[in-house]
Amino acid sequence: MSRSRPAHAPGPGETPSPSAGLAAVSTALLAMSRHLEVGDVLKTITASARELLDAEYAALGVPDDHGGFAQFVVDGVSDEQWRAIGPLPRQHGILAAMLHEEKAERLADVRKDPRFEGWPSAHPDMSDFLGMPIRDGDETLGALFLANKRCPKPEGGCGFTEDDEELLRLLAQHAAIALTNARLYERSRELTIAEERSRLAHELHDAVSQKLFSLRLTAQAAATLVDRDPVRAKGELQQVAALAAEAADELRAAVVELRPAALEEDGLVHTLRTQIQVLDRAHAARVTFDNQGVRALPPAQEEALLRVAQEALHNALRHSGAGRVDVVLERSGQGAVLRITDNGRGFEPSRVRRAGRHLGLVSMRHRASGVGGRLTVQSAPGEGATIKMEVPGG
């Protein structure tokens, strides 16, 4: 997809001033550091490289373990062109050189290189070429490819200069850091989800097992009394019905928490509203939700907000003795503020270390800071609690 030239970028054939060049590099590096999702990082690196070096086309390939590319991101190619090009390329020719060699490749005409082969007929025409591996130590994380420098070319020469090559090398070094951080973030998120599922499994086992054990004893008592004392037996059977309903509520609440896919499909607002409606039906406490102008946020921020909301709701409904829990999501500039307020028994914030272990406050703060946000807690004994999380948006 074509992108407009940044305001600070020089026009074709112009030489950027040192300050403009530094500003462009700074902008590119800041853009890379803002994202935590691997896919977003790859797109940002590719777009930043194309704009920084004023190329017509840019691509970034991440290898898989089977001779192909796990991901291949392009910039400067329209959606229609990309569909016409077809499947992701294999690791061959000049693409393979970037993945299996440590050095950059700067060519006047990539089509004349003996390694130029297998390019689809719908692929855009390319001439001058600059390729750079993205490496972390001895590991090649991917490779950047730039083509068609938008400037007058010397006769038979390449539009990309040695300075361009050094600039792309600098960008690739920072890209390696950004990509490694994004992969570590995704790995930590997978581990966190696994930990949450383990926690839910334990809670579900404990809560439902207790309910079913009580239900079994009550049913046995009713069976014993049915002939001797029908009135008491009727009371015991009513208790059986109540215990069965409570067990069903526990199961329903756990199932809601075990459905992370809804966030990707429906977005934060719809997912929160749906889950809170179920929790309102499943618990004696009144649970409400109010959205004030929030629409889409970056995926990582939406997931963090959802997880904090789930943790805070879990605390309020299972531990605080609250009769009412209100969840409010409101717009704040480009970002959002989430508030979960309950009228339960509250706690003393000064004992945050002890409360943090019990209420998951450490985990919630970690989630907030991990997406550039902030979490605050207001509470006092007998006065309920408010958990507030702010995120910057994107």
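## Packing and buried residues

Leaving aside neighbours within four places in sequence, Leu329 is in contact, meaning heavy atoms within 4.5 Å, with Leu268, Val269, Leu272, Phe289, Asp290, Asn291, Gln292, Val294, Ala336, Val337 and Leu338. The model is a predicted one, in which local features need pLDDT of at least 70 and side-chain atom pairs count only at pLDDT 80 or more, whereas totals for chains, interfaces and linings use all residues. Residues are numbered from 1 along each chain as its sequence is written, and side-chain values use heavy atoms, with hydrogens and water left out.

Leu329 is also one of the residues with the most contacts inside the largest nonpolar core, which has 40 residues; the others named are Leu272, Leu338, Ile387 and Met389. Such a core is a set of buried Ala, Val, Leu, Ile, Met, Phe, Trp, Tyr and Cys residues joined through side-chain atoms within 4.5 Å, where buried means under 20% relative accessible area, exposed over 50% and partly exposed in between, with a 1.4 Å probe and protein chains only. Elements that give two or more residues to this core include helix 7 (261–282), helix 8 (299–318), strand 7 (324–332), strand 8 (335–342) and strand 10 (385–391); helices (H or I, at least four residues) and strands (E, at least two) are DSSP runs numbered from the N terminus. Helix 8 contributes the most to this core, with ten residues. A second, separate core has 29 residues, among them Ala58, Val62, Ile134 and Ala178.

| Residue | Relative accessibility | Location |
|---|---|---|
| Val391 | 6% | strand 10 |
| Asp109 | 18% | loop between strand 3 (105–107) and strand 4 (129–136) |
| Asp75 | 1% | strand 2 (residues 69–75) |

Not counting residues up to four places away in sequence, Val391 touches Leu297, Gln301, Leu305, Gly335, Ala336, Val371 and Gly373. Val391 and Gln334, although 57 residues apart in sequence, have their C-alpha atoms 8.9 Å apart in space.

Beyond its neighbours within four places in sequence, Asp109 is in contact with Met126, Ser127 and Asp128.
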